[in-house]
Amino acid sequence: MIRRFFRHIREGFYGVGRHAAMSVSSASAVTITLLIISIFMIVTGNMQEVTQNIEGSVKISAFVAYDHEEQSQLDMIQATIKNLEHVVSVEYSSKDQEFDELMETYEDESAREALETYREDNPLHDAFYVEVNDGDALKDTAEKIQAIEGIETVNYGGDSALMFVRTLNSVRLGGAILVAGLSALAIFLIANTIKLTIYARSNEIAIMRDVGATNGFIRAPFVVEGMIIGALGAIIPILFTIFGYIFIYDKLGGVLFSEMFKMTPPHPFVLQLSLILLGIGMVVGLIGSFMSVTKYLRWKR
(Lines give C-alpha, C1' and ligand atoms only; values in the text may rest on other atoms or scores of the structure.)
Protein backbone atom coordinates (compact mmCIF):
# COMPACT_ATOMS: atom_id res chain seq x y z
CA MET A 1 0.00 0.00 0.00
CA ILE A 2 2.88 2.35 0.81
CA ARG A 3 4.58 1.54 -2.52
CA ARG A 4 1.30 2.21 -4.31
CA PHE A 5 0.91 5.54 -2.49
CA PHE A 6 4.35 6.78 -3.58
CA ARG A 7 3.75 5.39 -7.06
CA HIS A 8 0.64 7.57 -7.42
CA ILE A 9 2.58 10.62 -6.25
CA ARG A 10 5.41 9.87 -8.67
CA GLU A 11 2.99 9.41 -11.55
CA GLY A 12 1.23 12.64 -10.60
CA PHE A 13 4.48 14.61 -10.87
CA TYR A 14 5.31 12.75 -14.06
CA GLY A 15 1.93 13.70 -15.54
CA VAL A 16 2.47 17.36 -14.72
CA GLY A 17 5.88 17.28 -16.39
CA ARG A 18 4.74 15.31 -19.42
CA HIS A 19 1.86 17.72 -20.10
CA ALA A 20 3.82 20.79 -19.03
CA ALA A 21 2.10 23.20 -21.42
CA MET A 22 -1.41 22.34 -20.20
CA SER A 23 -0.24 22.20 -16.59
CA VAL A 24 1.32 25.67 -16.82
CA SER A 25 -1.82 26.99 -18.52
CA SER A 26 -4.05 25.60 -15.79
CA ALA A 27 -1.69 26.70 -12.99
CA SER A 28 -1.63 30.21 -14.49
CA ALA A 29 -5.41 30.36 -14.45
CA VAL A 30 -5.40 29.18 -10.84
CA THR A 31 -2.75 31.79 -10.01
CA ILE A 32 -4.90 34.62 -11.38
CA THR A 33 -7.92 33.29 -9.52
CA LEU A 34 -6.01 32.92 -6.24
CA LEU A 35 -4.53 36.41 -6.62
CA ILE A 36 -8.05 37.83 -6.75
CA ILE A 37 -9.04 35.62 -3.82
CA SER A 38 -5.98 36.83 -1.91
CA ILE A 39 -6.90 40.48 -2.42
CA PHE A 40 -10.45 39.93 -1.20
CA MET A 41 -9.29 37.85 1.74
CA ILE A 42 -6.96 40.67 2.76
CA VAL A 43 -9.81 43.17 2.43
CA THR A 44 -12.31 41.04 4.35
CA GLY A 45 -9.71 40.17 7.00
CA ASN A 46 -9.06 43.85 7.62
CA MET A 47 -12.80 44.58 7.56
CA GLN A 48 -13.08 42.06 10.39
CA GLU A 49 -10.44 43.99 12.34
CA VAL A 50 -12.05 47.36 11.60
CA THR A 51 -15.51 46.08 12.53
CA GLN A 52 -14.24 44.75 15.86
CA ASN A 53 -12.51 48.07 16.59
CA ILE A 54 -15.65 50.03 15.76
CA GLU A 55 -17.89 47.71 17.74
CA GLY A 56 -15.50 48.15 20.66
CA SER A 57 -15.53 51.95 20.33
CA VAL A 58 -19.31 52.29 19.88
CA LYS A 59 -20.61 52.10 23.43
CA ILE A 60 -24.03 52.61 24.94
CA SER A 61 -24.21 55.60 27.28
CA ALA A 62 -26.78 55.16 30.05
CA PHE A 63 -27.46 58.17 32.29
CA VAL A 64 -28.84 57.66 35.79
CA ALA A 65 -31.82 59.60 37.11
CA TYR A 66 -31.19 62.09 39.93
CA ASP A 67 -33.33 60.10 42.38
CA HIS A 68 -31.18 56.93 41.94
CA GLU A 69 -27.77 58.23 42.99
CA GLU A 70 -27.42 56.17 46.16
CA GLN A 71 -24.53 53.70 46.00
CA SER A 72 -26.81 50.72 46.60
CA GLN A 73 -29.06 51.85 43.73
CA LEU A 74 -26.08 52.36 41.42
CA ASP A 75 -24.73 48.88 42.28
CA MET A 76 -28.09 47.32 41.48
CA ILE A 77 -28.33 49.12 38.13
CA GLN A 78 -24.79 48.08 37.20
CA ALA A 79 -25.44 44.45 38.12
CA THR A 80 -28.66 44.43 36.09
CA ILE A 81 -26.87 45.80 33.01
CA LYS A 82 -24.04 43.28 33.37
CA ASN A 83 -26.51 40.41 33.28
CA LEU A 84 -27.94 41.48 29.92
CA GLU A 85 -27.14 39.36 26.86
CA HIS A 86 -24.29 40.65 24.62
CA VAL A 87 -22.93 42.97 27.35
CA VAL A 88 -19.14 42.67 27.62
CA SER A 89 -18.32 45.38 30.14
CA VAL A 90 -19.98 48.13 32.16
CA GLU A 91 -17.94 51.17 33.18
CA TYR A 92 -19.28 53.56 35.84
CA SER A 93 -18.58 57.29 35.66
CA SER A 94 -19.70 59.61 38.46
CA LYS A 95 -21.20 63.01 37.75
CA ASP A 96 -17.95 64.59 39.00
CA GLN A 97 -15.93 62.56 36.48
CA GLU A 98 -18.38 63.56 33.77
CA PHE A 99 -17.90 67.21 34.75
CA ASP A 100 -14.10 66.90 34.59
CA GLU A 101 -14.29 65.35 31.14
CA LEU A 102 -16.59 68.13 29.98
CA MET A 103 -14.11 70.69 31.28
CA GLU A 104 -11.31 69.08 29.25
CA THR A 105 -13.24 69.64 26.01
CA TYR A 106 -12.90 73.41 26.46
CA GLU A 107 -9.51 74.93 25.62
CA ASP A 108 -10.52 78.53 26.19
CA GLU A 109 -9.62 79.49 29.77
CA SER A 110 -12.51 81.95 30.19
CA ALA A 111 -14.99 79.28 29.14
CA ARG A 112 -13.48 76.84 31.64
CA GLU A 113 -13.75 79.45 34.43
CA ALA A 114 -17.38 80.13 33.57
CA LEU A 115 -18.14 76.43 33.57
CA GLU A 116 -16.36 75.94 36.89
CA THR A 117 -19.09 77.96 38.63
CA TYR A 118 -21.49 75.05 38.02
CA ARG A 119 -19.32 72.48 39.78
CA GLU A 120 -20.97 72.99 43.16
CA ASP A 121 -24.44 72.31 41.76
CA ASN A 122 -23.33 69.80 39.14
CA PRO A 123 -26.26 69.34 36.71
CA LEU A 124 -24.76 66.26 35.03
CA HIS A 125 -25.82 62.65 35.64
CA ASP A 126 -23.98 59.60 36.87
CA ALA A 127 -23.42 57.39 33.84
CA PHE A 128 -22.71 53.84 32.77
CA TYR A 129 -20.81 53.11 29.54
CA VAL A 130 -21.72 49.71 28.17
CA GLU A 131 -19.73 47.70 25.60
CA VAL A 132 -21.45 44.94 23.62
CA ASN A 133 -19.93 42.05 21.66
CA ASP A 134 -22.18 42.43 18.61
CA GLY A 135 -22.82 45.69 16.75
CA ASP A 136 -26.20 44.40 15.60
CA ALA A 137 -27.27 44.09 19.24
CA LEU A 138 -26.70 47.79 20.03
CA LYS A 139 -30.28 48.92 19.56
CA ASP A 140 -31.87 45.96 21.33
CA THR A 141 -29.47 46.22 24.28
CA ALA A 142 -30.03 49.99 24.52
CA GLU A 143 -33.79 49.45 24.70
CA LYS A 144 -33.37 46.88 27.49
CA ILE A 145 -31.13 49.28 29.44
CA GLN A 146 -33.66 52.09 28.97
CA ALA A 147 -36.30 49.89 30.59
CA ILE A 148 -34.21 49.45 33.77
CA GLU A 149 -35.55 51.41 36.74
CA GLY A 150 -33.32 54.40 37.50
CA ILE A 151 -32.06 54.92 33.94
CA GLU A 152 -33.20 58.27 32.59
CA THR A 153 -31.75 58.41 29.07
CA VAL A 154 -29.74 56.12 26.81
CA ASN A 155 -27.58 56.99 23.82
CA TYR A 156 -25.85 54.55 21.45
CA GLY A 157 -25.17 56.56 18.31
CA GLY A 158 -28.51 55.86 16.67
CA ASP A 159 -29.21 54.20 13.34
CA SER A 160 -26.06 55.68 11.77
CA ALA A 161 -23.83 53.53 14.02
CA LEU A 162 -25.92 50.44 13.28
CA MET A 163 -25.85 51.13 9.55
CA PHE A 164 -22.07 51.54 9.54
CA VAL A 165 -21.51 48.24 11.36
CA ARG A 166 -23.97 46.44 9.07
CA THR A 167 -22.25 47.89 6.00
CA LEU A 168 -18.90 46.49 7.14
CA ASN A 169 -20.53 43.12 7.83
CA SER A 170 -22.03 43.17 4.33
CA VAL A 171 -18.60 43.83 2.82
CA ARG A 172 -17.20 40.83 4.70
CA LEU A 173 -20.10 38.62 3.59
CA GLY A 174 -19.74 39.78 -0.01
CA GLY A 175 -16.03 39.00 0.08
CA ALA A 176 -16.72 35.49 1.39
CA ILE A 177 -19.26 34.86 -1.38
CA LEU A 178 -16.81 36.12 -4.01
CA VAL A 179 -14.07 33.84 -2.66
CA ALA A 180 -16.46 30.88 -2.93
CA GLY A 181 -17.37 31.84 -6.51
CA LEU A 182 -13.75 32.21 -7.57
CA SER A 183 -12.92 28.86 -5.98
CA ALA A 184 -15.66 27.27 -8.08
CA LEU A 185 -14.15 28.91 -11.17
CA ALA A 186 -10.73 27.48 -10.30
CA ILE A 187 -12.28 24.02 -9.93
CA PHE A 188 -13.80 24.36 -13.42
CA LEU A 189 -10.47 25.43 -14.94
CA ILE A 190 -8.52 22.55 -13.38
CA ALA A 191 -11.26 20.07 -14.30
CA ASN A 192 -10.99 21.09 -17.94
CA THR A 193 -7.20 20.79 -17.91
CA ILE A 194 -7.32 17.33 -16.33
CA LYS A 195 -9.98 16.38 -18.85
CA LEU A 196 -7.56 17.23 -21.68
CA THR A 197 -4.81 15.14 -20.12
CA ILE A 198 -7.23 12.24 -19.69
CA TYR A 199 -8.16 12.34 -23.37
CA ALA A 200 -4.48 12.50 -24.28
CA ARG A 201 -3.87 9.37 -22.18
CA SER A 202 -7.07 7.52 -23.08
CA ASN A 203 -5.14 4.58 -24.61
CA GLU A 204 -3.04 4.26 -21.46
CA ILE A 205 -6.18 4.27 -19.31
CA ALA A 206 -7.80 1.65 -21.56
CA ILE A 207 -4.79 -0.65 -21.17
CA MET A 208 -4.84 -0.22 -17.40
CA ARG A 209 -8.50 -1.22 -17.31
CA ASP A 210 -7.86 -4.22 -19.55
CA VAL A 211 -5.26 -5.58 -17.11
CA GLY A 212 -7.70 -5.21 -14.21
CA ALA A 213 -6.83 -1.81 -12.66
CA THR A 214 -9.61 -0.45 -10.48
CA ASN A 215 -11.15 2.98 -10.99
CA GLY A 216 -9.50 4.14 -7.76
CA PHE A 217 -6.06 3.05 -8.96
CA ILE A 218 -6.56 4.87 -12.29
CA ARG A 219 -8.01 7.97 -10.63
CA ALA A 220 -5.30 8.47 -7.98
CA PRO A 221 -2.48 9.85 -10.20
CA PHE A 222 -4.85 12.35 -11.81
CA VAL A 223 -6.03 13.55 -8.40
CA VAL A 224 -2.40 13.98 -7.31
CA GLU A 225 -1.72 15.83 -10.57
CA GLY A 226 -4.63 18.20 -9.90
CA MET A 227 -3.38 18.91 -6.38
CA ILE A 228 0.12 19.63 -7.71
CA ILE A 229 -1.28 22.04 -10.30
CA GLY A 230 -3.30 23.77 -7.57
CA ALA A 231 -0.24 24.03 -5.32
CA LEU A 232 1.88 25.43 -8.17
CA GLY A 233 -0.82 27.97 -8.91
CA ALA A 234 -0.74 29.11 -5.25
CA ILE A 235 3.00 29.96 -5.16
CA ILE A 236 2.78 33.44 -6.70
CA PRO A 237 -0.37 34.46 -4.73
CA ILE A 238 1.36 33.36 -1.51
CA LEU A 239 4.47 35.45 -2.29
CA PHE A 240 2.23 38.37 -3.26
CA THR A 241 0.28 38.04 -0.01
CA ILE A 242 3.34 37.87 2.25
CA PHE A 243 5.58 40.53 0.73
CA GLY A 244 2.81 42.73 -0.66
CA TYR A 245 0.87 42.97 2.58
CA ILE A 246 3.95 43.55 4.73
CA PHE A 247 5.06 46.32 2.33
CA ILE A 248 1.64 48.03 2.43
CA TYR A 249 1.40 47.65 6.21
CA ASP A 250 4.83 49.23 6.76
CA LYS A 251 4.14 51.97 4.20
CA LEU A 252 0.87 53.00 5.89
CA GLY A 253 2.12 52.43 9.42
CA GLY A 254 -0.65 49.92 10.04
CA VAL A 255 -3.38 52.57 9.91
CA LEU A 256 -6.01 53.36 7.27
CA PHE A 257 -7.32 56.95 7.38
CA SER A 258 -7.41 57.15 11.21
CA GLU A 259 -6.61 55.19 14.38
CA MET A 260 -10.10 53.70 14.25
CA PHE A 261 -9.22 51.93 10.99
CA LYS A 262 -6.23 49.89 12.10
CA MET A 263 -4.90 47.19 9.79
CA THR A 264 -4.48 43.61 10.95
CA PRO A 265 -0.83 43.02 12.02
CA PRO A 266 1.10 41.00 9.37
CA HIS A 267 2.06 38.20 11.76
CA PRO A 268 0.46 35.72 11.92
CA PHE A 269 -2.11 37.13 9.45
CA VAL A 270 -0.03 36.60 6.28
CA LEU A 271 0.95 33.09 7.39
CA GLN A 272 -2.70 32.19 7.93
CA LEU A 273 -3.67 33.61 4.53
CA SER A 274 -0.81 31.74 2.85
CA LEU A 275 -1.91 28.43 4.33
CA ILE A 276 -5.50 29.13 3.29
CA LEU A 277 -4.42 29.96 -0.28
CA LEU A 278 -2.32 26.79 -0.49
CA GLY A 279 -5.22 24.80 0.90
CA ILE A 280 -7.69 26.34 -1.55
CA GLY A 281 -5.34 25.65 -4.46
CA MET A 282 -4.83 22.00 -3.52
CA VAL A 283 -8.48 21.39 -2.65
CA VAL A 284 -9.82 22.89 -5.89
CA GLY A 285 -7.19 20.88 -7.76
CA LEU A 286 -8.28 17.71 -6.00
CA ILE A 287 -11.99 18.37 -6.57
CA GLY A 288 -11.53 19.43 -10.19
CA SER A 289 -9.41 16.43 -11.12
CA PHE A 290 -11.61 14.01 -9.17
CA MET A 291 -14.76 15.26 -10.90
CA SER A 292 -13.17 15.11 -14.33
CA VAL A 293 -11.62 11.65 -14.11
CA THR A 294 -14.66 10.16 -12.36
CA LYS A 295 -16.92 11.47 -15.11
CA TYR A 296 -14.64 10.00 -17.78
CA LEU A 297 -14.40 6.62 -16.10
CA ARG A 298 -18.19 6.50 -15.75
CA TRP A 299 -18.61 7.13 -19.47
CA LYS A 300 -16.09 4.45 -20.41
CA ARG A 301 -17.58 1.61 -18.39
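Author: What follows starts with the whole chain, goes through the sheet strand by strand, and then turns to the helices and a few single residues.

The model is predicted. The protein chain has 10 helices and four strands. Read from the N terminus, the elements run α-α-β-α-β-α-α-β-α-β-α-α-α-α. Of the 301 residues, 42% are buried. Among contacts with a separation of 6 or more, 82% join residues 24 or more positions apart.

Now the sheet. Its four strands form an open sheet in the order β2-β3-β1-β4, and the pairing is antiparallel. Which strands stand at the edges? They are β2 and β4. Each has a single partner strand, so one side of each is left without a neighbour in the sheet. On average, neighbouring strands are turned by 20 degrees against each other, direction ignored. Strands of a sheet pair through backbone hydrogen bonds, in either a parallel or an antiparallel sense.

Take β1 next. This strand covers residues 60-64. How much of β1 is buried? Four of its five residues are, so the strand is largely enclosed by the rest of the structure. In the sheet order, β1 sits between β3 and β4. With β3, residues 127-132, β1 pairs in the antiparallel sense over four bridges. Ser61 stands opposite Tyr129 of β3. With β4, residues 151-155, β1 also pairs in the antiparallel sense, again over four bridges. Here the bridge partner of Ala62 is Val154 in β4. In a regular strand, side chains alternate between the two faces of the sheet.

Two packed helices are described by the angle between their axes and the distance between the axes. For α4 (residues 95-104) and α5 (residues 109-116), the angle is about 160 degrees and the axes are 10 Å apart. The two helices are therefore roughly antiparallel to each other. Their crossing is right-handed. On the α4 side, the contact is made by Phe99, Leu102, Met103 and Glu104. On the α5 side, Arg112, Leu115 and Glu116 meet them. By class, the contact of α4 with α5 divides into four nonpolar, no polar and three charged residues.

Helix α8 covers residues 202-210, and helix α9 covers residues 215-252. Their axes come within 10 Å and cross at roughly 150 degrees. That makes α8 roughly antiparallel to α9. The crossing is right-handed. From α8, Ile205, Met208 and Arg209 make the contact.

Next, some backbone details. Most residues other than glycine have a negative phi, and most peptide bonds are trans. His86 has a positive phi, near 80 degrees. This residue sits in the loop between α3 (71-82) and β2 (87-93). Is His86 buried or partly exposed? His86 is partly exposed, with a relative accessible area of 24%.

From His267 to Pro268 the bond is cis, with omega near 10 degrees. Pro268 is placed in helix α10.

Helix α10 spans residues 266-299 and also holds Lys295. Lys295 is partly exposed, with a relative accessible area of 39%. How far is Lys295 from Lys195 in space? The C-alpha atoms are 9.3 Å apart, while the two residues are 100 apart in sequence.

Back to the sheet, to close. The order is β2-β3-β1-β4. Strand β1 has four of five residues buried, while β2 and β4 stand at the edges.

Notes:
Residues numbered from 1 in each chain as written. Predicted model: local features only at pLDDT ≥ 70, side-chain atom pairs only at ≥ 80, totals over all residues. Heavy atoms only, no water. Axes fitted to C-alpha atoms, helices over the stretch in contact; angles between N-to-C directions. Parallel < 35°, antiparallel > 145°, perpendicular 65-115°, else oblique. Left-handed = near helix turned anticlockwise from the far one by under 90°. Contact = heavy atoms within 4.5 Å. Buried < 20%, exposed > 50% of the residue type's maximum accessible area, 1.4 Å probe, protein only. Pairing = 2+ DSSP bridges. Nonpolar A, V, L, I, M, F, W, Y, C, P; charged D, E, K, R; others polar.
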